[in-house]
Amino acid sequence: MKQVNFLPFFLGLLAWACVSCVKAEDPYRFFTWVVTYGQISPLGVSQRGILINGQFPGPIVNCETNDNIIINVINKLDEPFLITWNGIKQRKTSWQDGVLGTNCPIPPKSNWTYHMQVKDQIGTFSYFPSTVMHRAVGGFGAFNILARPVIFVPYLKPAAEFTLLVSDWWTYDHKALQQVLDSGKSFPKPNGLLINGSPRATSFTGRKGQRYLFRVSNVALTTSINFRIQGHTLSLVETEGAHTLHESYESFDLHVGQSASFLVTLQAPSKDYFIVASTRFTKPVLTATGILHYDGSTAKASLPLPIAPTYQIHWSMKQARTIRWNLTANAARPNPQGAFHFGTIPVARTLVLANSKAKINGKLRYAVNKVSHVNPATPLKLADFYNIPGVYKLNSIKDRPSPGPITLAPSVLGFALHDFVEIVFQNNENSIQSWHLDGYDFWAVGFGGGQWNSTLRKKFYNLNDATTRHTVQVYPKSWSAILVSLDNKGMWNLRSTTWPRQYLGQQLYARVWNDEKSLYTEYDAPENVLRCGKARK
């Protein structure tokens, strides 16, 4: 019998496997961002802004699920600087989160490179400076993650995508605004509202009969907004990385830090139409407009602007309850979103977090459960990694509100990795609040007025198809409840998205931890980690 030589076959199989491994590596996208000051005049008043590569707003990051994003940030400002990535989960690597609890800021006239992977994410996100009041004068932009071609998207492909950033705006320098807060005074009201850096110059062109995807993010410092397009219906398809049921809206509320995507079909008579963003819960109401232009038309947009609610809290809360998870749709993975039955998981721990304000030594401070957070000179994450004592005290904040004066301290809560946690945000003030959790999304399961108690779960919680998101609003004299699966080890910022409140202490850090040292649960500090404070070499 002739002997068969399998060696070529095995060598071929090995070669194929090696090629497959190379091809299977997720793509890399490289960016170099030069951060500088520059003169801008969004409201007609020349002022110093923060530009990225000469742009205001900053460049849009467009990528696909699982892409590796490498961004070299060159800081040419006269102050330390950081960028945080609003809604990017930074799986196993809070080192890339870009907040003062995890990162030393990039010193002036130097650079630092972010290495992050948008692992298992799709959707509409944003980025902005996390240091002092830098974001009040720019440095922000859009971050869009498209689904991989092999993943089904639960809506027809749009003819094009349009990205909109809505921001409130001040004609003050960021250092002047910081001085207002440092002196203990209340933050001034904004001077105007912008869409993509302009109060009225943004324009998008589409063809009649075609559908378009509008990605809208509220990157304001203080202000909820209502978004609408004259003569057109908004079909909601995504909120902050979650596919939603396709509800139709004439107008839609987006609170500080939130994002959403809408399909809009151009089926009105051919002309121009106003795109409108206006402030919610403010006096006076501020408005910014853009233009939706039908290709080939010459007719200009005509007044009046489409009307929208201004202060009606119940209207907004009622709308929030209509946003529902698409249980059968895929997200970034092939399995349906609804395969994770969050409403059936036992809750390991319940926290009630109440915001408050008071004067300490004559200066205004904001707090959570009576602790007003102070950033130590050594980032909390570095203190953990290098075993540096005396930087913070674990569980310095309690799980429930308690009586007593507000104290100043680094505010850190400890959690066990894989805990399933209920967090209730209790707002006893007359202003709307908005809360963001880095490193995660969560299910926004309930909204209600007055004081929360455990009996309200049965009446107000949606434990079937509440959508996931990374930022939740809390209405005046009201509460909001979320459920979160703490499966991402690290040090994660839970903060007020109202930036002056965050700056003056309304934030804390969630230390999600287990004692196992493994790259399966968390990566080590990157080779280029910046060290400062007690961690300085």
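Reply: This is a predicted model. Rings of Phe, Tyr and Trp (its six-membered ring) pair if their centres lie within 6.5 Å. By this rule the count comes to 34 aromatic pairs.

Me: How are the rings of Phe56 and Trp169 placed, stacked or tilted?
Reply: Their centres are 5.3 Å apart and their planes at 55°, so the pair is tilted. It links distant parts of the chain, with Phe56 in the loop between β2 and β3 and Trp169 in strand β9, 113 residues apart.

Me: Buried or exposed, those two?
Reply: Both Phe56 and Trp169 are buried.

Me: What about Trp85 and Tyr114?
Reply: That pair is edge-to-face, 5.1 Å centre to centre with 85° between the planes. Trp85 and Tyr114 also belong to one aromatic cluster, along with Phe31, Trp33, Trp112, Tyr127 and Phe143.

Me: Which rings does the charged end of Arg135 sit over?
Reply: It sits over the ring of Phe128, 3.8 Å from the centre, and over the ring of Trp499, 4.8 Å from the centre.

Me: Switching to helices. Which residues of α3 are buried?
Reply: In α3 (residues 313-320) they are Ser316, Met317, Gln319 and Ala320. Seen down the axis of α3, they fall within an arc of 160°, so they line one face of the helix.

Me: And what is on the face turned away?
Reply: The exposed residues His314 and Lys318.

Me: What do the buried ones pack against?
Reply: Strands β16, β17, β28, β30 and β31.

Me: Where does β30 sit in its five-stranded sheet?
Reply: The sheet is open, in the order β25-β33-β32-β27-β30, with mixed pairing. β30 is an edge strand, as is β25.

Key
Residues numbered from 1 in each chain as written. Predicted model: local features only at pLDDT ≥ 70, side-chain atom pairs only at ≥ 80, totals over all residues. Heavy atoms only, no water. Buried < 20%, exposed > 50% of the residue type's maximum accessible area, 1.4 Å probe, protein only. Helix = DSSP H or I, 4+ residues; strand = E, 2+ residues; numbered from the N terminus. Arc of directions from axis to C-beta. Contact = heavy atoms within 4.5 Å. Pairing = 2+ DSSP bridges. Phe/Tyr/Trp six-rings, centres within 6.5 Å; stacked < 30°, edge-to-face > 60°. Lys NZ or Arg CZ within 6 Å of the ring centre and 35° of its normal.
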